[in-house]
Every structure is written in structure tokens, then in C-alpha cells.
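Please read the numbered points with the model open alongside.

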Amino acid sequence: MLTLVVFLPLAVCAGLLLWPRPVSDRVCTGVWIAAAAVDLALAAALWAGFDPDGGLQYEQRADWIPTAGVGYHVGVDGLSLPLLALTCVLFLAVAVYSLRETRRVRAYACLFLFLETVCLGLFSALDLILFFVYFDLSIVGMYFVIAGWGHGERGRAAALKFFLYTFIGSLALLLGFIGLYLAASPHTFDITELAAADPLAGRGAYAALVLLALGVGLAVKTPAVPFHTWLPPAHTEAPAAGSAILAGVLLKMGTYGFVRIAMPLLPGVWREYALAFIVVGAVSAVYGALVALGQTDVKRMIAYTSVNHMGYVVLAVGAAGVLSGTDDQARTLAVTGAVTQMVSHGLITGALFLLTGVLYERGRTYAVEAYSGLAGPAPRFAAAVAVAAFASLGIPGFSGFIAEFQIFTGSLAAQATATALAVTGILLTAALFLRALRQMFLGALRLPPGSPDGRFGDLAVPETTAVAPLLGLALVIGVLPRPLLDVIEPASRAVAGLVAR
Amino acid sequence: MNRNLTALLPEICLVGAAVTGLLAGSWLPRHRQWSVAVLAAAAALAGLAATAHTLAADGEQTVFSAAFAVDAATGAARLAVLITLLLLLAVSAPGVRGHRRESEYWVLLMLSAAGTLALAGANDLLMLFAGYLLASVPAYALAGFAKDARGVEAALKYYLLGALFGVVMLGGVALMYGAGRGTGYRQLHTALPAAPYGVVAVGLVAVLAGLLFKSGAAPAHFWMPDVADGAAAPVAAFVTTLPKIGALIAVYRLLHQAMPADTVDWPLLLAVLAAASMTLGNLAAFFQTSATRLLAYSAVSQAGYLLMAAAVATRSELAQQGLLFYLPAYALTNLGAFAVVAELPHARRLEDYRGLARRRPALAAVLVVCLLGLVGTPPTAVFIGKLEVFSAAVDGGYTWLAVLAAVNTVASLFYYLRWLAPCFRPAGDEDRLRTVLAPSGTWAAAAACAAATGSLVLGLAAGAALPLADGPLLR
């Protein structure tokens with residue numbers, strides 16, 4: 001069942017690619033939307049049949065390369081199921097949004113279907129090599145999206161930077177995996193077996209090096225300061241749909257790696273160096289917000305708020321590794337907050353990036369000061385952006401508040417100073433979003449000179465249909481968080497327990 | 001003494017077919033000389049069948065006073081070489097078909113393949129040198145086969161360097177013989193610990209020099225880019241792929257079987273050579289504008305990754321598996337890329353590949369699979385090979401080498417992408433496309449697709465293939 005959910009998009013992609021006759025753009029997008037919708041339905045069925053207290057479920061195991069200790073092992077628990085669902089939701093939203101795409105639609109649809117399989121595969125993988133395969137392929141897929149559908153020559157340069165930079169991260173990750181593999185006896189890449197065996201307990205410097213490799217690999221992908229410099233150009237030059245997936249799903253691969261691999265597999269060193277992650281997280285949160293404040297390009301600004309939001313997650317996972325002065329409940333809360341933040345950030349930032357895509361399409365620029373008074377001609381667009389911006393800065397009633405509240409409450413006991421510093425990030429994000437909103441939507445109407453038809457149309461039906469559900473879900477989670485938290489909490493309690501052992 | 005000739009069936013098939021082809025080629029009219037290629041393919045298939053039988057029936061043994069070992073390494077080499085030979089026949093077909101000396105081309109190819117097999121199985125220094133000659137001499141002729149200025153220059157350079165390294169290697173063999181009072185690996189293994197240190201060290205370095213030349217590793221790699229660029233693309237595919245398989249297995253066998261671990265610190269020597277090879281190859285490949293030169297330098301860097309396994313030959317149990325899996329994986333992936341070059345003979349520069357994705361989507365897909373495969377992107381076979389080799393290096397205590405290899409892998413991505421990027425750019429004018437991206441024939445395209453598919457399948461089915469690389473080496 002899980003395998004079906006993962007590989008359904010790939011099968012559709014192969015079918016679309018190998019179909020011998022030319023396919024019209026509308027049919028391509030139609031097939032893409034249908035595939036994404038079916039996959040979402042299947043994921044919903046997974047969720048319906050999921051028992052929150054049942055640990056890993058829907059597990060499947062098959063030998064892949066037994067002599068090298070590699071197996072096809074998949075399964076979901078409370079950490080991965082919300083991300084799996086998020087992936088399906090976002091890819092469907094992106095498919096609907098792309099109804100207006102006109103450039104090489106067949107290849108575009110195939111690429112996104114391929115990426116969907118890769119993302120779903122990563123969140124369900126329970127084998128390090130399987131995880132790595134998807135981790136690497138996500139880079140390849142996103143490279144082609146940015147290089148092929150980005151903004152011209154600069155797009156290709158940004159894509160190259162993205163590929164090279166994140167590839168360094170993935171190879172560091174691979175070295176870390178090899179370190180884990182060699183430490184285990186018998187040698188294995190299986191995550192559950194490694195978590196049970198804790199092969200690096202008491203291995204001193206060796207374990208620290210493995211954690212360093214994993215930490216760098218995951219931090220590049222997350223991205224945490226100082227490994228974040230690939231993110232702004234990649235986001236700015238990518239097409240809106242690509243940005244939404246990059247921010248909404250691909251960044252989560254890094255943070256998910258922390259809770260799935262680094263924490264349970266290296267509990268001893270994780271506790272030892274938890275402070276480093278707390279510091280990196282707090283610095284990312286504050287630095288990301290500060291740099292975002294200085295941006296004049298709306299897409300870069302949102303990209304830097306991603307650095308800020310992911311900083312909270314890193315802070316929380318670091319705090320979950322501090323035993324002194326904390327209790328189980330606080331650590332569990334921190335991990336739950338981290339996972340909730342991943343989901344929440346995916347929904348809200350995905351929506352924000354799709355909305356900047358709308359902005360670019362109408363005005364051909366991302367510069368904030370080029371626009372003014374857009375609320376007049378485009379009230380629905382203004383409302384959507386305002387809602388998304390408020391959700392992003394963590395106003396109560398939206399998912400961001402639930403997530404950040406848990407993160408800060410859970411982390412406070414572990415490291416009060418760092419947490420207090422990180423909280424200022426919220427203030428900064430509030431300032432920058434309010435400033436951008438005032439500039440772009442209020443005042444007299446002014447459009448950039450490059451805008452194609454001299455007017456600013458409101459959200460079209462596909463755009464509304466793509467964005468509204470994302471914001472709606474963020475609202476639902478903000479008001480009724482229980483169903484989501486019920487799924488996440490048992491799993492984060494398990495992770496916190498594994499770290500504390 | 002074991003004189004079981006049936007153990008050598010794949011080699012005998014190739015040599016027999018070569019001799020038959022040579023004789024037949026002298027009488028066959030030009031339009032019928034293709035039958036020699038068919039003969040070569042039949043010999044390769046027969047060899048594959050014999051190898052499969054040996055592997056299935058546990059026919060491991062040493063023959064002729066243990067001068068030749070038939071074991072897991074030989075089995076893997078035979079599979080890799082013969083499959084590579086089959087693909088090379090297809091890649092060469094469009095260019096050589098109807099050529100005045102067509103049958104000679106096929107014969108030279110078969111002889112060189114037989115020499116490569118002899119290198120891989122050699123368990124005796126003299127056998128090793130004979131294999132070196134048999135693998136090299138036909139290759140010189142192949143490099144200059146087109147008889148144009150660039151080809152002749154390439155052949156001359158290849159020949160001169162080959163002769164130099166051959167002589168050095170022969171000197172090394174003599175020194176080792178003097179030090180170990182024998183040329184068989186078993187004899188050397190027992191006698192070398194008591195031999196004078198300096199003689200063994202110089203002898204080993206000299207023998208390695210010849211093998212490094214064949215595998216295109218630094219510092220004996222200077223011929224590689226010139227030959228790959230000067231000779232026709234199928235020949236370039238051949239020189240960067242086939243000899244490497246034999247030479248690297250020979251290096252591994254020599255170090256693992258003949259060298260006692262505590263006489264000369266050869267692991268460090270090999271680690272340094274590996275580091276130099278991958279780094280120099282990558283740096284040189286960075287700003288190449290010619291596709292074949294780029295692939296040639298990439299082949300140099302790949303030799304570096306492969307030498308990592310040789311460096312930890314006796315220090316990690318994963319080394320043998322890694323090497324024996326990486327070699328065929330590399331051969332398939334590299335051939336796929338070269339087959340694309342052979343299929344588009346007028347596109348020499350990277351810029352010429354503009355618009356390939358629109359015009360020939362299948363070839364663009366092959367390039368994506370093969371070039372990203374050479375980087376080591378999963379799920380292609382090279383990824384598993386790299387995974388194994390990196391694991392072996394870390395396991396053998398050379399973590400710095402694994403880190404360096406990882407850094408090099410990222411660096412290599414840059415130049416492979418420099419080639420891939422133009423493929424997906426809009427083409428511009430139609431006329432240019434028609435002339436520059438003119439196909440050479442269906443055989444090369446088919447070989448390209450087959451190699452790319454093979455590289456993917458081998459990666460996904462690594463679980464079935466890896467056990468073949470397991471098994472003790474025989475002395």
C-alpha cells in the first residue's frame with residue numbers, strides 16, 4: 001500500500017513520458033492533477049487506517065542488496081505520516097496551480113510527478129541508502145526544474161549552484177551513513193536496526209565525526225546558517241511551483257533527517273553536542289529574520305523567512321537532546337513542535353511562493369517597491385497574501401502559532417538564552433511582513449513598468465483553487481490541532497526516549 | 001600440473017576468432033567483411049556462456065603452474081570485458097562498416113580484449129607482462145586506425161609512452177624476479193619478506209607503472225586525453241574502458257596476492273596515487289570544451305576512485321567487492337556516454353550539443369543517465385560501486401581518502417553539468433541542428449540505450465550481481 005502511494009506518480013510519469021503520440025498540454029496537466037489527487041486520496045486512506053500508538057506501520061521489507069546490508073524497507077510513523085500527507089497536498093496544489101503553465105508542459109508534469117515519488121519515498125524510507133537515493137534524486141529533479149523553467153541564464157546559474165552546494169551536503173551525508181554502517185555489527189544500513197543497536201555508543205571521536213558528517217549534510221539541505229547561501233538564488237530563479245515544492249517539501253528532508261536519523265541513531269553524541277544545534281538553530285532563526293528584513297525582493301524575503309522558520313526546528317531538535325533541567329514532557333513537546341512546524345511551514349510557505357508566482361506573472365518583477373495599492377484591483381489576491389503572511393509570522397489561529405508555541409515552550413527549559421533570542425525572530429518577521437504588505441497593497445495603485453498588459457488581474461480560478469486549501473489547512477490545524485498532534489505526539493515521545501537512553 | 005584448457009575457454013574463443021577473422025578477412029570481399037564482426041560477437045557470447053558455466057559450476061582453479069587464476073576476479077573481469085566488447089562492436093559498427101580494413105579493426109579489438117583478460121587473470125609476473133603486450137599492441141594500431149593526422153599523432157604518442165612504460169615494467173619484473181627468486185605470485189608472497197627492501201620497492205613501483213599506464217591513472221595518464229580526442233570516438237571508448245578493467249584487477253591481484261603487507265608500505269603509495277589521479281583528472285576536466293577530452297579526463301579521475309579499492313586491498317574485506325562491482329559499472333556507464341559521442345560524430349564540442357533534448361530525446365536521456373551515473377547518482381550502478389569503495393576506504397583506515405573522493409565527486413559534477421546543460425537549451429536554428437547532430441547509424445544509438453539501461457539495471461539489481469564479486473582470490 002505504502003509502496004503504491006510512493007510509486008504511483010512515477011508510474012504515471014513513465015506512462016506520460018513513453019506515450020507514443022503527442023499529448024496536448026491540457027491533457028498532460030489533467031493527468032498530472034488526477035495522479036496527484038489519487039495519491040492524496042491514498043495517503044488519506046493511509047492516515048485513516050493509522051493507529052497513532054502503533055509505532056511503525058505499513059512496513060514493507062524486501063532484500064535489495066543483501067551483501068551490502070541494503071534493503072528496501074519502508075514504513076510510516078507519526079513523524080513521517082504528516083509529512084507524507086503534506087507532500088501529497090502540496091503536489092496537488094502545485095499541479096492545479098500549473099494549469100496556467102504553457103512551456104513544455106509534458107516534461108514539466110513528468111518532472112513534478114518524478115519529484116513527488118522521490119519526496120514520498122524519502123519520508124517513507126527506513127533504510128539509509130534508500131533515504132540517500134531519494135535525497136540525491138530530489139536534487140537532480142529540482143535542478144532540472146530550476147534550470148529548465150527558471151528565469152533564463154540566471155536561473156541556470158542558480159540551478160548549478162543549488163546542485164553543487166546541496167550535492168556536497170548529500171555526499172557528507174553519505175560518508176556519515178558509511179560511518180554508521182561500518183560501526184554496526186553485522187554491517188547494516190537499516191534505520192530501525194541501527195536505532196535499536198545504537199552502534200556508536202561510547203565511540204568518542206569516531207561518533208562525533210559521523211555526527212559532523214550527518215549534521216553538515218542535513219544542515220545544508222535544511223538550510224541552517226552558515227550553509228544557507230544556495231537557498232535565496234535557487235528560490236528567486238525557480239518557477240513558482242518549483243519554489244513551493246523546494247520550500248514546502250525539499251527543505252523538510254533536512255529537518256526530517258534530524259528526527260529520523262541523527263537523533264535516534266546517534267543519541268549519545270547528539271546529547272553531547274546538542275548545544276551546537278541549539279546555537280545553530282537560534283542563529284539561523286535570528287539571522288534569517290534579520291536578512292529577510294533587509295530584502296527588497298519579495299521572493300528572497302520569503303526565502304530568508306524559510307531560513308528563520310527552519311532555524312526554530314533545528315533549535316527544537318537540539319533542545320530535545322538536553323537532559324539536564326528538562327523532563328520527558330518538555331523534550332517531547334520540542335520534537336512535536338518541530339514536526340508541526342515542518343507541516344505548517346510547508347503549507348504556509350508553499351502558499352506564499354505560489355502567490356509570489358502570481359505577482360511575477362502580472363508584474364514581471366519581484367521588487368517590493370515596484371508595486372503599490374494592489375488591494376484595489378486584486379482584493380482576493382491581497383487577502384490571500386495577507387492571510388498567508390499573518391499565518392507565517394505565527395499569529396494565533398494558524399498552524400504556525402501552534403508549532404512555534406510548542407517549540408519555544410519545549411526549548412525554554414533546555415536553553416533559556418538561546419530560546420529567548422530566537423523568539424525575537426517572530427518580532428522581526430512580523431515587522432518585515434507588515435512592511436511588505438503596506439508597501440504592496442495599500443496606497444495609490446502603481447504597477448511596475450514592465451508589466452505586460454498594464455493592469456493587475458485578481459486571482460484566477462486555478463490559482464485560488466491551489467492556494468486556498470493550503471491556507472485553509474493551516475487554519476484548521478491552528479484551530480483544531482488535536483488530530484494532527486495526536487498522530488505526532490506518540491512518535492515524538494519515542495524519539496525523545498531514544499535520545500535520552 | 002593443471003593443464004585444463006577448458007578453464008581458459010573465453011580467452012581461447014577470442015584468440016581463435018581473431019585468428020580466424022584475420023585469415024578470413026584476407027579473402028572476404030569488402031562488403032562481406034562484416035561477418036568478422038559477427039564472428040567476434042559470437043566469440044564474445046560463447047565466452048560469456050563459458051564464464052557463466054564456470055561461475056555456476058564453481059570452476060575456480062589455477063592453471064599452467066598457477067600462472068593463470070580462474071577465480072571470482074577473473075570471472076567478473078570476463079563478464080565485464082566481454083559485455084564491453086559486445087557494446088564496442090555495436091558502437092564501432094557505423095564508422096567501420098564498409099571500411100577498407102574493416103576485418104582488421106575487429107581482429108585488433110578482439111586481440112586487445114583477449115590481452116585484457118590475460119592481464120586480469122595473470123598470477124605470474126611474466127604472464128602479466130605478456131598480457132600487457134597483448135592488450136597494448138593492438139590498441140596502438142587501433143588509435144591510428146583512421147590514418148588521419150590526429151589519429152597518427154595519437155597513435156604515436158600512445159605507442160611511445162606504452163613502449164616506455166612497458167620497458168619500465170619489464171625492468172620491474174626483472175627486479176622482482178631477482179628479489180623473490182621467482183615470478184609466480186605464490187613464490188613472491190613467501191620470498192619477498194626476506195628480500196632487500198629497496199629492490200622490492202623499486203620493482204613494485206616499476207611494475208605498477210606499466211599497469212597504471214594501462215588504467216590511465218596519474219601519473220601515467222598523459223596519453224589518455226590525446227588518444228581519446230585524436231582517435232575516432234569508438235576507439236576512444238575502447239581505450240578508456242577496456243584496458244582499465246584488466247589493468248586494475250591486475251593491480252589488485254598483484255598487491256593482494258604477491259605483496260606481503262609489511263615489507264613495503266604500498267597501501268599509502270596507492271592511496272596517494274588514487275588521490276592524485278582523481279584530483280588531477282577532475283581539475284583538468286573542468287574547462288574542457290571537447291566532449292571526448294572531457295570524458296578522457298573523467299576516465300582519469302575514475303581510475304583514481306578505483307585505485308582506492310586497491311589501496312585497501314588487504315585492509316578491508318569490502319575492497320574486492322567494491323572494485324569488482326565498480327569496474328563493470330564504470331565500463332557500462334562510460335561506454336554509454338561515448339556511444340552518444342560516436343552516434344553524433346559531428347558534435348565535437350560541448351556547445352554542439354545544444355538542442356539535443358528536443359531533437360533526440362532518447363540520446364539526451366542516455367547522457368543524463370550516464371553522466372549523472374559517472375558522478376555516482378543513485379540508482380545507477382556506479383553509485384553502488386562508489387558506496388562500496390568509499391566504505392572500503394573508511395573501513396581500511398583511509399577516511400581522508402574517502403573524504404577527498406567525496407569532494408572530488410562534487411567537483412566532477414560541475415563539468416558533467418557543463419555538458420548536460422546545453423543539451424536542454426533551445427537549439428536555435430534548424431539547419432545547424434541537422435548538420436551538427438546528424439546521426440551516424442542505429443547501432444551506436446542502440447548501444448547507447450543498452451549501456452544506459454544496463455547501468456540502471458545493474459544498479460537496481462546490485463543485490464544479484466554483488467555476490468558474483470565475492471569469493472577468495474587464488475594464488
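**Notes on loops, interface, cores and cavities**

1. The loop between α6 and α7 (191-197) of chain A contains P186(A). In this predicted model, the peptide bond from S185(A) to P186(A) is cis, with omega near 0°. Most peptide bonds are trans, which is a reason to look at this place with care.

2. A cis bond is also found in chain B, where A218(B) and P219(B) are joined with omega at about 0°. The proline, P219(B), belongs to the loop between α8 (197-215) and α9 (223-230) of chain B.

3. Two backbone angles in chain A deserve a mention. R104(A), which is not a glycine, has a positive phi near 40°. Its position is in the loop between α3 (80-97) and α4 (105-124) of chain A. The residue R104(A) counts as partly exposed because its relative accessible area is 35%, a value between the 20% and 50% cut-offs.

4. The other angle is that of D198(A), also not a glycine, whose phi is positive at about 45°. D198(A) sits in the loop between α7 and α8 (205-221) of chain A. Is D198(A) buried or exposed? D198(A) is buried, because its relative accessible area is 16% and the cut-off for burial is under 20%. As background to both angles, most residues other than glycine have a negative phi.

5. The two chains meet in a contact made by 27 residues from chain A and 35 residues from chain B. Between them, chain A and chain B bury about 2,700 Å², with 82% of it on carbon and sulfur atoms. On the chain A side, W64(A), T67(A) and L175(A) lose the most area to chain B, together 18% of what that side buries. The size of an interface is often given as the accessible area lost when the parts come together.

6. S391(B) is classed as buried because its relative accessible area is 2%, under the 20% cut-off.

7. Which residues touch the most other members of the largest nonpolar core? They are F381(A), L128(B), L307(B), M308(B), Y353(B) and W419(B), in a core of 392 residues. For L307(B), the contacts beyond four places in sequence are L212(B), A217(B), L248(B), V251(B), L270(B), L273(B) and A274(B). A second core, separate and of 5 residues, includes A7(B), L8(B), F68(B) and V70(B). In soluble globular proteins, nonpolar side chains tend to be buried together.

8. C423(B) belongs to helix α17 (residues 399-423) of chain B. Its contacts, leaving aside neighbours within four places in sequence, are Y353(B), G355(B), L356(B), A357(B) and L367(B). C423(B) and L363(B) are 60 residues apart in sequence, with their C-alpha atoms 9.7 Å apart in space. C423(B) is buried, because its relative accessible area is 1%, against a cut-off of under 20%.

9. The model has 4 cavities of 30 Å³ or more. By class, the lining of the largest cavity has 13 nonpolar residues, 1 polar residue and no charged residues.

10. The second largest cavity holds about 70 Å³ of space. Its lining draws on both chains, with F132(A), D136(A) and F167(A) among the residues from chain A, and V375(B), K386(B) and T409(B) among those from chain B. Two or more lining residues come from each of α5 (128-149) and α6 (152-183) of chain A and α16 (381-395) of chain B. The element that gives the most is α6(A), with 4 residues. The classes in this lining are 7 nonpolar, 3 polar and 2 charged residues.

Key. Residues are numbered from 1 along each chain as its sequence is written. Chains are lettered from A and ligands numbered from 1 in the order in which they are written. This is a predicted model: local features need pLDDT of at least 70, side-chain atom pairs count only at pLDDT 80 or more; totals for chains, interfaces and linings use all residues. Side-chain values use heavy atoms; hydrogens and water are left out. On a 1 Å grid over the protein atoms alone, a cavity is a set of points where a 1.4 Å probe fits but cannot get out, and a pocket is an open set with protein on both sides within 12 Å along at least five of seven lines; lining residues have an atom within 4 Å of a point. Grid points are joined across faces, edges and corners, and a volume is the space filled by probe spheres set on the points. Ala, Val, Leu, Ile, Met, Phe, Trp, Tyr, Cys and Pro count as nonpolar, Asp, Glu, Lys and Arg as charged, and the others, Gly among them, as polar. A nonpolar core is a set of buried Ala, Val, Leu, Ile, Met, Phe, Trp, Tyr and Cys residues joined through side-chain atoms within 4.5 Å. Buried means under 20% relative accessible area, exposed over 50%, partly exposed in between (1.4 Å probe, protein chains only). Contact means heavy atoms within 4.5 Å. Buried area is the accessible area (1.4 Å probe) that two parts lose on being put together, summed over both.
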